[in-house]
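Q: I have a chain on screen and want to read its features one by one. Where do we begin?

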Amino acid sequence: MKTIAKTYSITEVSKMYHLPTTTLRYYEDLGLLYDIPRVKGRRVYTQEHLNRLGAICCFKDTGMTLKELQELFQVQADDSGLDKTCEILDIHYQRVLDQLTLLKKNERHIKRKVRFYHDIRTAKENHSKMPDWNDYRDREF
């Protein structure tokens with residue numbers, strides 16, 4: 001007995017990935033999504049398309065441009081493009097690590113600010129001494 005693969009409409013995919021249908025069509029125009037069959041003139045997405053879209057979203061969410069994505073997918077499709085694929089991914093991975101480092105630094109600062117202003121509120125409520133930012137500047141919370 002043959003199993004029928006689950007398919008999805010463009011509206012369903014749009015909702016699943018929180019992307020406008022125009023974006024999905026644009027990705028198709030760019031060649032990022034391809035071979036999407038039509039049934040009665042409507043796009044029909046398969047799990048393979050969703051897997052590809054998941055990769056697109058992952059890379060885009062981490063700062064890869066559409067042009068870089070096009071290049072990555074182009075070299076991935078070429079058997080001789082393995083070195084270039086690794087190079088593109090290595091560069092992107094380093095950028096993500098740099099972003100994470102910056103985010104961690106900023107997170108520590110925001111955490112101190114949150115604690116500082118919560119302590120101001122508590123001091124006001126208790127009519128006690130107001131905190132001094134200098135006491136928070138280098139503290140870890």
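Q: What share of the chain's contacts between residues at least 6 apart in sequence join residues at least 24 apart?
A: A contact means heavy atoms within 4.5 Å. Here the share is 48%. Keep in mind that this is a predicted model: local features need pLDDT of at least 70, side-chain atom pairs count only at pLDDT 80 or more, and totals for chains, interfaces and linings use all residues. Residues are numbered from 1 along each chain as its sequence is written, and side-chain values use heavy atoms, with hydrogens and water left out.

Q: Which elements make up the chain, and in what pattern?
A: Helices (H or I, at least four residues) and strands (E, at least two) are DSSP runs, numbered from the N terminus. The chain has five helices and two strands. Their order is α-α-β-β-α-α-α.

Q: Which residues of H5 are buried?
A: Buried means under 20% relative accessible area (1.4 Å probe, protein chains only). In H5 these are Thr85, Ile88, His92, Val96, Arg112, Phe116, Ile120 and Ala123. Their cover includes helix H3 (47–61) and helix H4 (66–77). Over the chain, 26% of the 141 residues are buried.

Q: What comes just after H5?
A: Histidine 127, with a positive phi of about 50 degrees.

Definitions and conventions: Buried < 20%, exposed > 50% of the residue type's maximum accessible area, 1.4 Å probe, protein only.
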